[in-house]
Structure formats: C-alpha cells, structure tokens
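Me: Please take a close look at one helix for me. Then place it in the wider structure.

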Amino acid sequence: MSLDLSAYRELLVALLPELVLTAWAMVLLLFIAWRHRTAGDLRATGWLTLAALASTAAAVWWLWWNTARAQGLPGMVAVDDFRWVTDWLFLGAAGLTVLVSFSYLEREALLAPEYYLLLVFATLGMMLMAGGADLMVIFLGLELMSVAVYVLAGFDRKSPRAAEAALKYFLLGAFASGFLLYGIALIYGATATTNIALLGVQVSLMQTPNVMLLAGLALLLIGFAFKVAAVPFHMWVPDVYDGAPTPVTAFMATGVKAAAFAALFRVLTEGFAAAAAWRDIVWWLAVVTMAGGNLLALAQRSLKRMLAYSSVAHAGYLLVAVASGTAAGRSAFLVYLVAYTLMSLGAFALLAAKGRRGESDVLIDDLAGLAAQRPWLAFALATCMLSLLGFPGTAGFIGKWYILVAATGAGDNLLAALLVLASVVSAGYYLPVIMAMYMKPEPSDGAHAGARLGRLGDAAVALVVAGLLVFGVWPNRLLDLAQAAGDSLRPAATAQPPSPGR
Amino acid sequence: MYARWVLTALLAWPLVAALVVMLVPAARAKQVAFGASLVELALSIPLWWTFVPEAGMQFVADQAWIAAWGIRYTVGVDGISLFMVLLTTFLMPLSVLGSWSYITKREPAFYALLLVLTTGMIGVFIALDLFLFYVMWEVMLIPMYFIIGVWGGESRLYAAIKFFIYTFFGSLLMLVAIVVLYIHVGRATGTYSFSYLHLLANLSGLGPLAPWLFGAFFLAFAIKVPMFPFHTWLPDAHVEAPTAGSVILAGILLKMGTYGFLRFALPLFPAVALSQPVQAAIVALSLIGIIYGGLVAMVQPDFKKLIAYSSVAHLGFVMLGIWALTLQSVQGALLVMINHGISTGALFFLVGMIYERRHSRLIDAYGGIARVVPLFAAILTIVSLSSIGLPGTNGFIGEFLVLLGAFRTYPVAAGIATTGVIVAAAYLLWALQRVLFNPLDKHENEKLTDLSPRELAVLVPLLACIVWIGVYPKPFLRRMEPAARHLIEQVRPAAAPAQSPALGAAP
C-alpha cells in the first residue's frame with residue numbers, strides 16, 4: 001500500500017494510529033468527567049486505557065501488515081517500519097505501565113483517573129516524535145509528551161519530593177525544549193526547510209560546513225541529550241526519577257528515553273548523514289555517559305536512585321549505537337531498546353512492589369532475604385538485573401552483543417571495548433541486588449510480607465521476564481524485525497538530489 | 001547414532017535433571033541429583049571407546065541457532081576436549097556425594113545449580129561456535145557465583161563478587177575480540193559466521209589488530225587459569241566455597257583457561273602467541289606461578305588456602321607445557337590438567353571431610369591425627385604424594401612430560417621449573433607432618449571419627465585414577481597424541497612466516 005501524503009484521505013490513513021489514540025483520549029476525557037470518584041472508576045479508566053493502547057497497536061499492525069509506504073513528495077510523517085516498531089514499543093511500555101499502576105495507585109491513594117489520560121497523551125507525543133518526518137512535528141510530539149510527563153512526575157500531590165521532581169523536571173525540560181527549538185530555527189535558517197528528508201538533501205549538497213547549520217545541530221543534540229539523560233545533561237535524572245511515582249519513573253526511563261532516541265536517530269540518519277560533525281560529539285557523549293552513569297550508580301545505596309543512574313548508563317550504551325551511524329547501529333538500537341524497556345520496566349515494577357510512599361527509601365540492603373520469602377519476586381528481579389548487566393541467556397545480552405557488532409562493524413573497536421569495560425563496572429551495582437536477595441539473611445520473618453504487585457502487576461512482570469528469557473535464547477524474530485526497521489531509515493545521500501531546473 | 005546425539009544429551013540432561021531436582025521434595029534432592037549425575041557419567045563413558053584418536057573433531061552436532069547472524073549450535077570433541085568432558089562428568093557424581101552431609105540448607109537449589117554448572121562446563125569444552133562458547137563461558141559463572149555466595153564460608157560475599165567480576169572483566173573483552181574477528185573474517189570472505197573452523201581457516205591479514213585480539217583472549221583465559229598476577233581471586237574463592245565448589249573450581253573451572261589457550265588463543269593467533277616477547281612473558285609468568293605459588297603455599301596457615309596456591313603452581317606447569325609446544329610438553333600439559341583435577345579435587349574433598357568433623361581448616365588445629373584416623377591419613381598421604389609428583393602416581397607422569405618437552409624449547413626455564421617440584425614437596429610434606437604426624441596435643445582431635453563408607457566411595461575412584469595414570473598412562477597419551485600433534489603442526493608453521501619477513505627486512 002503506497003500512500004500519497006499530499007492527499008488528505010491518504011494522509012489520514014498514514015496517521016491512523018495517532019488518530020485512533022486521539023479519539024480514545026477524547027473518550028477517556030469524557031469518561032473521566034463523568035466518573036472520577038472511586039477506586040472502581042480508576043480501574044475502569046485503566047481498562048479503557050488498555051483497550052485504547054491495544055486498538056492503537058492494532059492500527060499500527062494493520063498499516064505494517066499492508067506494508068504502507070509513502071510516495072511522492074516528502075510529507076510531515078514518516079511511513080516506514082522504523083515508525084511501526086517504535087510505536088509498538090511505546091504502546092507496550094505504556095501498557096505495562098498501566099498494568100503496574102492498577103494496584104500501585106490504589107495503594108498509594110492516588111485516586112485520580114487523569115493519570116491514565118496523561119499517560120495516553122504522553123504516548124501519543126512519543127508516537128509523533130518517532131514518526132515525525134519534519135522537525136516541527138518532532139518538536140510538537142516532544143512537547144505533548146513532555147507536558148504530560150511533567151504532570152505525571154508530580155502526580156503524588158501530597159509528596160513534597162514529587163513536587164520537587166516535577167518542578168525540576170519542568171524547569172530543566174523547558175530549557176531543553178528551548179535549546180531544541182532554537183536549534184531547529186538555526187537549521188531552518190541555514191537550509192530553509194524543516195523537513196528532514198529535504199534537510200538531508202540540503203546537507204549533502206553543502207560543499208563547506210555551514211556554521212549556522214552546525215550550531216543548530218549542536219543545539220539540537222543538546223536538547224535530545226537532555227531528554228535521553230546523557231551525561232553531562234543528566235543532572236535532573238536522579239531527583240526526578242526518585243521523586244516521581246515509581247510506575248511513572250518506569251515510564252520515563254523507558255518510553256520517554258526511547259522516544260527521544262528514536263527521534264534523534266531519524267534526524268541524524270535522514271537529515272545529517274552527510275554532516276560528519278555529530279559523530280564525534282555523539283562518540284564523546286557515549287563515552288562520558290557510560291562512564292559517568294556507571295560510576296555514579298556504583299555509589300548509590302537506594303535502589304531507586306541506583307536504577308536512575310543505571311538508566312543513564314544505558315543511555316550511554318544506546319549512544320554507542322547512535323555513534324556507529326550505520327543501518328546495523330539502528331537495528332541494534334531497536335533490539336537494545338526492546339530489551340532495555342522490558343528489563344527496566346520490570347525492575348521498577350518490582351521496586352514498586354517492595355516499597356511504600358514513593359520507594360525512595362528502599363535501600364539495596366532492604367532486599368536482604370527476599371529470595372527465601374518471595375522466591376518468584378526475587379527470581380524476576382534477578383533476571384532483570386542479569387539482563388541489565390548484559391548476561392547471556394537474557395535479552396540484555398543480545399542487545400549488547402548487537403551494539404558491539406554495530407560498533408565494530410563501523411570500525412570503532414575502541415568504543416566497543418569501552419562499552420564492555422563500562423559493563424564490568426555495572427556488575428558492581430547490579431550484583432549486590434542479587435546478593436542481598438539470595439545471600440543475606442532476612443532481617444525479620446515478615447520483612448517482605450507486604451511485597452505485592454497485585455494480580456495485574458504480577459502479570460506484567462511475568463510478561464517481562466518471559467520476554468527477557470525468550471528473546472535471550474531465541475532472538476531470531478526480533479533481530480529480523482529490527483533489521484528491517486533499521487534499514488527503513490535511509491540517509492539522504494542515497495536519495496536523488498532535486499534537478500537543478502526546479 | 002550415539003555419536004550424533006551424545007554431546008547434545010550431555011548438555012541437555014543436567015538441565016532437565018536440575019528442573020526435576022527443584023520439583024521433588026527437598027529431602028530427596030540429593031538422591032535425585034546423584035542419580036542424574038551418574039546417568040550423565042554413564043552417557044559420557046562410551047566416548048572413551050568410540051573416540052577415534054586420529055579422526056580430529058568427532059561427535060559433531062550442528063544446528064542453526066540464529067542463522068541470519070551466522071550463529072550456530074555446533075559442538076564436537078577432539079583429543080583435547082575429550083578428557084575435559086570426561087573429567088567433568090567423572091567429578092560431578094563425586095561432588096554430589098561429597099556434599100551429602102556438608103550442605104544442609106536449601107539443598108534442592110544447591111544440587112540444581114551443580115547440575116546447571118555441569119551443562120555450562122561441558123558446553124565450554126565442546127562448543128565449536130565462538131558465540132556458543134562465550135554464552136557457555138558466562139553461563140557457568142552464575143551457578144558458581146551462587147554456590148560460593150550462598151553456601152560459602154564467612155566472607156563468601158566478598159569472594160563471590162570478586163570471582164564474578166574478575167571473570168566477567170576478562171570475558172567481556174574476549175567478547176569484543178570475538179565480535180571483531182567475526183566482522184573481520186566476514187568482511188574478507190563475505191560469510192559472516194562465528195564458526196570456529198570458519199574463523200580459523202580464513203583468519204589472515206589482521207595486521208596491527210592481532211596483538212590486541214590476542215591480548216583480549218589472553219586476559220580472559222589468564223584470569224581463569226589463573227596465571228600470576230591475575231590469580232588473586234583464586235585463594236578467596238577456593239577458601240570460601242563449599243567443598244564441592246572448591247573441587248569443581250579447581251578440578252574443572254581452572255582448566256577452562258588452559259583449554260581456551262589450547263583451543264583458541266594459540267591456533268587463532270599463532271604469530272602473536274609465538275612472537276618473542278609474548279613467549280618470554282608467558283614463560284616468565286608460568287615460572288613465577290610455579291615458584292611463587294609454591295612458596296606462598298608453604299606459609300599458609302589454612303590448609304585450603306595452601307591447596308589453592310598449589311593450584312597456581314600446577315597450572316604454571318600446564319602453561320609452560322603448552323607454550324613449549326613440543327609433543328611431550330603438550331601431552332604433559334594435558335595430563336597435568338587431568339591430574340590436577342583428580343589430585344587437587346581429592347585434596348579438597350579430604351580437607352572438606354576433616355572440616356566437617358572439626359570445623360577448622362587451620363593446619364595448627366590438627367597434629368598427630370594419623371593415630372586417630374588412620375584411613376584418612378593414608379589417603380591424604382597418597383593424594384599428597386601424587387600432587388607432589390612421586391613416581392608411580394599420576395602427578396609424576398604429567399610434570400615429567402612437561403619438563404622433558406619444555407627442556408627442548410626452553411632449557412633454562414625447564415631447569416627453574418624443576419625446582420618447583422621440590423618446593424611442592426616441601427610445602428605438602430611439611431603440611432602433612434603438621435597435620436598427621438606431630439604429637440597429638442589437642443583434645444578435640446582425639447575423638448575424630450575415621451572416613452565413612454560414603455566418603456570412601458568419593459575417594460576410591462580418585463585413588464584408582466591416581467594409580468592408573470601413574471602406572472599405565474598409555475591409553476590417555478594415545479588418545480591425546482594426534483590432537484597434540486595437530487595443534488603443533490597448526491601453530492608452528494603459521495607462526496614462522498610472520499617472523500621470517502621481519503628478519504629479512506632488517507638491514
């Protein structure tokens with residue numbers, strides 16, 4: 001199915017997933033306005049949200065199945081496999097977050113169904129970010145996502161920490177948006193376009209590097225680096241992740257990060273493939289982020305802050321995939337992202353099970369003896385930790401292996417070596433979690449009696465663990481999918497430059 | 001028929017058994033595990049007869065795994081890995097039996113981990129696909145980590161994490177090297193594959209990359225062996241691990257390092273491995289290991305630590321034998337690998353048995369117990385003598401062959417290594433004297449009970465092997481010889497052309 005994006009009707013088809021989700025958001029708004037008092041209403045909203053995400057995923061699948069492709073002049077949205085895969089990822093992350101949130105919201109007495117609505121809007125923003133073929137669409141998606149997540153971060157109104165987190169996130173996020181927007185403006189000034197494909201053509205035709213373009217690119221990178229939490233733009237991460245309700249943290253660490261990375265990939269690949277300058281910048285960002293994230297995580301005692309810094313470290317690994325700048329790098333990025341989303345969501349969900357009141361006070365040592373009392377919970381958390389560590393048999397290893405293949409394939413053996421050295425450091429903070437659970441005696445008999453997720457949360461964690469193990473041993477399907485999606489982003493160098501007469 | 005499924009069965013059976021062990025009632029766990037490990041042994045024994053020494057790789061099984069990325073499940077056995085597989089299957093039932101009364105908490109988990117560990121270890125020895133090899137190499141880390149960390153001694157957490165991180169560090173760099181090889185050979189031939197034979201056949205033109213890649217493999221294996229100065233994890237891990245853990249650690253895990261040198265580091269990078277500085281460095285480190293390991297063992301107050309350091313010395317012989325690269329020395333190295341598994345395994349069992357009675361590993365806590373526990377004393381003496389390398393025991397054959405072979409390549413080094421045998425005699429005989437023969441001056445020791453039938457059942461097979469290899473090593477040597485010869489023929493000429501142009505270019 002080829003879609004001419006300049007025709008209204010076909011543009012609507014190309015936007016079908018986003019439209020479905022928007023329609024659902026309206027339904028949810030009406031529903032919430034009608035019923036928003038009891039825990040039952042909250043649950044009903046949750047189920048409606050799941051239905052919304054599922055039907056959107058079905059819409060994505062339908063387009064995917066019909067191998068939808070754009071035709072004619074470049075439009076505002078991309079129609080390619082990369083978009084479908086990332087859409088599914090965002091929807092999956094949101095779905096798992098909803099499952100974990102069911103019992104969490106009731107337990108923490110956050111009886112406001114708007115939570116789910118914000119989640120839906122944030123997901124919509126992510127889909128626009130990853131699917132935007134124009135810098136303006138990406139920016140709009142980013143704002144839609146960010147505003148919703150600012151509110152979600154401060155969703156626990158009674159908690160001063162959550163308020164602090166939200167404010168911090170908002171202020172710094174606004175700055176980052178400013179950088180991004182100014183970068184877009186400069187790029188527009190240099191090339192007279194915000195369309196990524198046209199931008200790519202312009203960049204590839206430039207004989208000498210254009211200072212305005214490079215400045216715009218640098219600002220763009222800063223804006224994205226903030227969103228993906230790359231060192232040195234990670235300062236907000238520990239406090240925000242720590243203060244936000246744990247399911248929201250999980251969503252931020254996976255969905256938000258994934259969306260920013262997806263947009264970054266599209267912009268750099270399709271727009272700036274010909275401008276070599278960003279490779280060095282991203283290379284150094286990757287190195288600094290891996291080193292910084294891992295070393296800082298090593299010093300944490302609180303489980304939530306440790307996971308926050310570990311998410312910074314993982315942003316570094318993903319940046320290695322970005323730095324390779326090849327199709328293999330894009331595929332590796334997608335594989336790693338799937339693995340990372342699963343393991344990170346799982347880890348935060350299990351933290352939510354263990355903790356109370358925001359979980360910022362759960363120390364790693366508080367997990368002592370968990371294995372004896374709650375063996376399945378401990379097994380799930382151990383699997384997530386090993387996967388985060390990149391241990392064979394888990395999806396995390398496949399992801400890391402693929403990134404290594406991409407990096408060495410691009411001739412960057414040094415970066416690959418630095419990546420594994422950083423992973424060795426990470427053993428220093430993932431293993432103590434396993435150690436505490438399995439090798440230390442429980443402090444008291446009932447120490448872990450309250451560690452519960454609710455039935456749906458359990459289901460979400462079971463899904464995560466199954467996914468990690470299945471993809472760890474049998475990743476063939478995932479690898480094929482990622483390869484197809486990675487290939488679907490095309491650098492402008494292969495595109496036809498416009499004929500001089502036009 | 002047997003040839004096609006046996007290796008896969010050896011890998012799969014322990015995993016199935018581990019599941020069963022977790023499901024049966026806790027009290028039955030050890031019986032089931034023992035039965036399972038006996039079945040595993042029974043499965044592996046026909047390998048000994050059906051193995052054809054001259055035929056190279058055999059019992060090969062090959063299946064696509066992640067086909068699009070050239071990752072296959074390929075396993076096979078040759079004269080080098082055959083003995084490692086058999087040693088593993090031979091030590092496992094003994095380890096289960098040796099843990100019978102030692103392990104008292106969370107028994108099902110312990111035995112299940114032992115069985116998973118079996119799969120990992122056998123997998124390392126038979127993998128012919130570098131991806132599979134890496135996976136197995138890492139997979140065996142986790143069970144061992146848990147065995148040390150959950151059932152170990154007082155500072156088990158420290159020992160467990162040290163063991164894990166040391167190994168992990170080396171092996172991750174090896175992973176990068178494997179991936180670089182994969183990309184390099186894939187570019188050159190157009191076929192991207194992790195297959196060992198494919199990489200081996202097509203590896204050329206590495207240029208300045210080769211020393212780095214060799215370095216990565218070297219680090220992973222040298223940590224595992226362990227060579228001086230990468231050995232510091234070993235005493236901690238050995239001392240803290242429960243008896244079965246120490247036995248497997250010494251008996252099999254350390255051999256993975258030397259096996260890795262024989263299978264990967266030498267054949268893949270012969271020019272680097274046999275270049276002058278690398279040769280000098282490895283021979284020097286081996287000698288330091290032999291002498292230093294022995295001297296440090298001599299001053300250990302803790303019997304288990306003494307044995308741990310003696311492992312450093314023994315593995316030094318293996319490394320010397322491998323790098324000397326003569327037929328005798330390589331065969332000797334292989335034999336020392338087997339002997340060390342048997343003798344040191346037996347020593348760890350014996351220390352574990354006496355520890356169960358007295359709850360002390362300190363040599364000073366004993367003295368004169370030969371009169372109280374004569375059977376124990378007799379066996380400890382025999383095993384110690386075999387570890388020293390007394391003629392008539394297995395230890396003699398292995399070390400003698402290594403020294404004989406090494407003398408042709410490195411006469412001075414072989415001379416120095418010979419003194420290592422004397423050091424070994426010194427520390428072990430001295431320890432024997434202090435434990436068994438001095439006056440019986442501690443009251444706690446007067447009530448010690450002698451070995452039980454179960455403990456004898458653990459030790460007798462080991463004693464039998466000590467005598468068998470010591471008196472009639474020919475069946476072993478005959479099966480090793482073609483593989484050792486093949487290795488030398490593979491490595492020597494491949495190393496030579498890289499050196500001669502350099503010489504020719506010199507003014």
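Reply: Helices here are DSSP runs of type H or I with at least four residues, strands are E runs of at least two, and both are numbered from the N terminus. The model is predicted. On that count, chain B has 20 helices and 2 strands.

The close look goes to helix 16 of chain A, residues 375-389. This helix has 15 residues. From its first C-alpha to its last it reaches 21 Å, close to the 21 Å expected at 1.5 Å a residue.

Is helix 16 of chain A enclosed or open? A residue counts as buried if 20 or more other C-beta atoms lie within 10 Å of its own. By that cut-off, 12 of the 15 residues of the helix are buried, so helix 16 is largely enclosed by the rest of the structure. Among them are Leu377(A), Leu381(A), Cys384(A), Met385(A) and Leu388(A). Thr383(A) and Ser387(A) are buried too.

Which elements do the covering? They include helix 13 (303-324), helix 14 (327-354) and helix 15 (370-373) of chain A. Helix 17 (395-409), helix 18 (413-439) and helix 19 (454-473) of chain A also take part. Just after helix 16 of chain A comes Gly390(A), with a positive phi of about 85°.

Now the core. The largest nonpolar core has 428 residues, and Tyr336(A) and Leu419(A) touch the most other members. Its largest share, 21 residues, comes from helix 7 (residues 156-189) of chain B. Beyond its neighbours within four places in sequence, Leu419(A) is in contact with Met290(A), Tyr317(A), Val320(A), Ile403(A), Leu404(A) and Ala407(A).

Next, where the chains meet. The contact takes 23 residues from chain B and 23 residues from chain A. On the side of chain B, helix 5 (130-139), helix 6 (141-151) and helix 7 each give two or more residues. Helix 7 of chain B gives the largest share, 13 residues. By class, this side has 21 nonpolar, 1 polar and 1 charged residues.

Last, chain B as a whole. With 507 residues, a compact globule would have a radius of gyration near 23 Å, and chain B, at 22 Å, agrees. Its C-alpha trace spans about 75 × 55 × 40 Å along the principal axes. Of its residues, 60% count as buried. Thr419(B), in helix 18 (residues 411-437) of chain B, is partly exposed, with 13 other C-beta atoms within 10 Å. The C-alpha atoms of Thr419(B) and Gly294(B) are separated by 10.0 Å, though the two residues are 125 apart along the chain.

Methods: Residues numbered from 1 in each chain as written. Chains lettered and ligands numbered in written order. Predicted model: local features only at pLDDT ≥ 70, side-chain atom pairs only at ≥ 80, totals over all residues. Rg over C-alpha atoms; globule rule 2.2 N^0.38 Å. Core = buried A, V, L, I, M, F, W, Y, C linked by C-beta atoms within 7 Å. Contact = placed C-beta atoms within 7 Å. Nonpolar A, V, L, I, M, F, W, Y, C, P; charged D, E, K, R; others polar. Expected span 1.5 Å × (residues − 1).
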